[in-house]
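Biologist: I'd like to learn how to read a model like this one. Could you walk me through it, feature by feature?

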Amino acid sequence: DGIGEAYDSIKKGELDATIDSFPLYKSQIATEVALRKMGGQTVPRVIWTPQALIDTTNVDQAAADIIKWED
């Protein structure tokens, strides 16, 4: 579940992969949606939130790079 221990285990070769849902970015998305709703804006029915497979190919990359996050 993308926890630190899973990342460490991948780096040690004990775990093949994990899925990370990047709670920091989810919270930013949720806050933006809430502010838009409070401001009377309409928001999409479905809101995309990032998830990614983390394995040896990307375990050392920054989360923003993995999900191509742009502020």
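Predicted model: local features only at pLDDT ≥ 70, side-chain atom pairs only at ≥ 80, totals over all residues.

Biologist: Let's start with helices. What span should the 16 residues of helix α2 have?

Modeller: The idea is to count 1.5 Å a residue, with the expected span using one less than the number of residues. For α2, residues 23–38, that gives 22 Å, and the end C-alpha atoms are 22 Å apart, so the two agree. After α2 comes G40, with a positive phi near 85°.

Biologist: And helix α1, which of its residues are buried?

Modeller: Buried here means under 20% relative accessible area. In α1, residues 4–12, that picks out A6, Y7, S9 and I10. Those residues cover an arc of only 160° around the axis, so they sit on the same side of α1. On the face turned away from that buried side you'll find the exposed residues E5, K11 and K12.

Biologist: How many aromatic pairs are there?

Modeller: Ring centres have to lie within 6.5 Å to pair, and the count comes to 1. The partners are Y25 and W69, with ring centres 4.7 Å apart and planes at 50°. Planes under 30 degrees apart would be stacked and over 60 edge-to-face, so this pair is tilted. Y25 lies in helix α2 and W69 in the segment after α3 (63–67), so the pair ties together parts 44 residues apart in sequence.

Biologist: Is Y25 buried or exposed? And where does W69 fall?

Modeller: Y25 has 13% relative accessibility, so it counts as buried. W69, at 22%, counts as partly exposed.

Biologist: Which residues line the largest pocket?

Modeller: W69 turns up again there, along with Q28, I29, E32, V33, R36, V43, P44, V46, I47 and W48. By type, the lining divides into 8 nonpolar, 1 polar and 2 charged residues. The pocket holds about 200 Å³ of space.

Biologist: You mentioned a positive phi at a glycine. Where is F22, and what is its phi?

Modeller: F22 is in the loop between β1 (18–20) and α2, and its phi is positive, about 50°, although F22 is not a glycine. With 4% relative accessibility, F22 counts as buried.

Biologist: What about K68, buried or exposed?

Modeller: K68 also isn't a glycine, and its phi is positive, near 55°. You'll find K68 in the segment after α3, and at 67% relative accessibility it counts as exposed.

Conventions:
Residues numbered from 1 in each chain as written. Heavy atoms only, no water. Helix = DSSP H or I, 4+ residues; strand = E, 2+ residues; numbered from the N terminus. 1 Å grid on protein atoms, 1.4 Å probe; cavity = no way out; pocket = protein on both sides within 12 Å on 5 of 7 lines; lining within 4 Å. Points joined across faces, edges and corners; volume = space filled by probe spheres on them. Nonpolar A, V, L, I, M, F, W, Y, C, P; charged D, E, K, R; others polar. Phe/Tyr/Trp six-rings, centres within 6.5 Å; stacked < 30°, edge-to-face > 60°. Buried < 20%, exposed > 50% of the residue type's maximum accessible area, 1.4 Å probe, protein only. Arc of directions from axis to C-beta.
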